[in-house]
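Hi,

Here is the structure for you to look over. My notes follow below it.

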Amino acid sequence: MAETFILRGNICYSESPRSLAVTEKGYLVCIEGRSAGVWKSLPEQYAGLPVTDYKDSLIVPGLVDLHLHAPQYTFRGMGMDLELLDWLNTRTFPEEAKYEDLEYAGKAYNIFAESMKKSATTRACIFATLHREATALLMDLMEDTGLVTMVGKVNMDRNCPDYLREESPERSAQETRAWLDGIAGRYRNTKPILTPRFIPTCSDELMRKLKEIQEEYRLPVQSHLSENKGEIAWVKELCPWAGYYGGAYDGFGLFGGEVKTIMAHCVWPEEAEKERMKEQGVYIAHCPQSNTNLSSGIAPVREYLDKGMNIGLGTDVAGGVGESIFRAMADAIQVSKLRWRLADETKKPLSVEEAFYLGTKGGGSFFGNVGSFEEGYELDAVVIDDRALKSPLPLSVRERLERIIYLSDERHIRAKYVAGARVFDMADDMSPAD
Ligand SMILES: [Zn+2]
């Protein structure tokens, strides 16, 4: 249940991409699950509320992962010497086929859900597989974590192996409806999201049917866009009418506007694609580690930020090796430096402030007022005890945050709250919130 309480500690959050608010030994007030603000000394009106004093620990907003694949968690950190299309055929499709077996799915998804619970992530948009039952099982497990997530049963009816293909657009649509009807009303924190895998695996007829389902169930959409040059050329062959890759989603009404949409990657956008994404408010899930591992390229994030486009971070497990959004922040900074040096010296690399913004407030806005401690924001918080990261230097709170981002070591997470509900508190003798 959403609660009313106060957290005390060194509080950091983004106000904008360039501004990080830091309050040392401050008070973060949570009223019925939402932030009422951060103060250096506690206002009189809150004097009677219960306070949890985290002393010298850092308190930051929960991190947001806009893009990852739960079934791929099993092979994280393996098979990285391939590019996207070969990687899908060699690694991904054979593994995803196993989720037809619910026993295997249970084993694998339990490990995934447990890792997500312990991570600094409080919100995530997750791909499952095309299997309806295993997807519902994943949703059950995610609900138990206390995180707020959107989970999608994947649709794919062409250009994939027989063992992992829905036999027709009709069948794919039927399965999707059966999944949606089966999970309706079952969860508080777990929502369905429409998930055509990407244009190469979704026929035009399937996309038309998915639009009908989107309208009927009022669903948001997630997919992949302009990740790899071979993929982009293929989409041009498959949908010559579309003009550019994103036009293939847009043509079916699944590209922002009324339909909340996340597109992962956007590494090689055409000018018209960028303009349309901005116009439609399409969210970009920037996945720097995956784009490096699969040799896809480096997305023009500076340009996206300067244009005021909607953008957050994704781990893209298992294109990315793990679930840490702190790591994604460091990767985003590092690849932006390479892009600046090697490709375009007019576009400055990202700062720590900007990367932190992307992993909190930037992606969080997909979920509403999420990812900051400004007044009215849903209170997702992560408490980090970094005492084990010893240093003889006197460190400022901002330096400590930078260090946590670069070290990306989530063993130091002491407590986590989602929308005012405590997910866990390692130091607390009481059992975790039910
Ligand atoms: Zn992906």
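**What I found**

Start with strand S12, residues 261–265, which contains His265. (Helices, H or I with at least four residues, and strands, E with at least two, are DSSP runs numbered from the N terminus.) This is a predicted model: local features need pLDDT of at least 70, side-chain atom pairs count only at pLDDT 80 or more, and totals for chains, interfaces and linings use all residues. Residues are numbered from 1 along each chain as its sequence is written, and side-chain values use heavy atoms, without hydrogens or water.

His265 is not a glycine, yet its phi is positive, about 90°. Most residues other than glycine have a negative phi. His265 counts as buried because its relative accessibility is 0%. (Buried is under 20% relative accessible area, exposed over 50%, partly exposed in between, with a 1.4 Å probe and protein chains only.)

Ala419 also has a positive phi, near 45°. Ala419 sits in the loop between strand S16 (413–418) and strand S17 (421–425). At 22% relative accessible area, Ala419 is partly exposed.

Most peptide bonds are trans. Ala318 is in the loop between strand S14 (311–313) and helix H11 (325–342).

His265 is also one of the residues lining the largest cavity, as are Trp87, Arg197 and Asp316. (Lining residues have an atom within 4 Å of a cavity point; cavity points, on a 1 Å grid over the protein atoms alone, are where a 1.4 Å probe fits but cannot get out.) Helix H1 (residues 84–97) gives the most to that lining, three residues.

Best wishes

Terms used:
On a 1 Å grid over the protein atoms alone, a cavity is a set of points where a 1.4 Å probe fits but cannot get out, and a pocket is an open set with protein on both sides within 12 Å along at least five of seven lines; lining residues have an atom within 4 Å of a point.
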